[in-house]
Amino acid sequence: QVENFNALQTNVIPFFNRFGFLSAKKKRDFSKFKQIAKLIEQKNHLRVEGILKILEIRKEMNDYGKRKYSDEEILRILRD
């Protein structure tokens, strides 16, 4: 778990860009992960439209796997 966005940009993403993945599914998910990171870097996560875009991309990742927070929970937290 990485909690520092700068570490994500300077260490994690470059590492996986360099060494890649064996699985096509992991490559696909990493590409979507980088899209989300780019949106955050551009501060789009600070607007509702940006959050909705991130949630849309997230749905396509991990084959709709179990999530810690549902889309509904995230949107409810933002509204409160």
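At 25% relative accessibility, phenylalanine 21 counts as partly exposed (buried is under 20% relative accessible area, exposed over 50%, partly exposed in between, with a 1.4 Å probe and protein chains only). The model is predicted, so local features need pLDDT of at least 70 and side-chain atom pairs count only at pLDDT 80 or more, while totals for chains, interfaces and linings use all residues. Residues are numbered from 1 along each chain as its sequence is written, and side-chain values use heavy atoms, with hydrogens and water left out.

Rings of Phe, Tyr and Trp (its six-membered ring) pair if their centres lie within 6.5 Å; planes under 30 degrees apart are stacked, over 60 edge-to-face, and the rest tilted. The count by this rule is 6 aromatic pairs. One of them is the tilted pair of phenylalanine 15 and phenylalanine 19, at 4.9 Å centre to centre and 45° between the planes. Both residues lie in helix α1 (residues 5-19), 4 residues apart, about one turn of the helix; helices are DSSP runs (H or I, at least four residues), numbered from the N terminus. Phenylalanine 15 is partly exposed at 44% relative accessibility, whereas phenylalanine 19, at 51%, is exposed. Phenylalanine 16 and phenylalanine 21 form a stacked pair, 4.9 Å centre to centre with 10° between the planes. Phe15, Phe16, Phe19, Phe21, Phe30 and Phe33 form one aromatic cluster.

Helix α2 (residues 24-41) and helix α3 (residues 48-59) pack at about 170°, with axes 9 Å apart (axes are lines fitted to C-alpha atoms, for helices over the stretch in contact, and angles run from 0 to 180 degrees between N-to-C directions).

Technical notes. Helix = DSSP H or I, 4+ residues; strand = E, 2+ residues; numbered from the N terminus.
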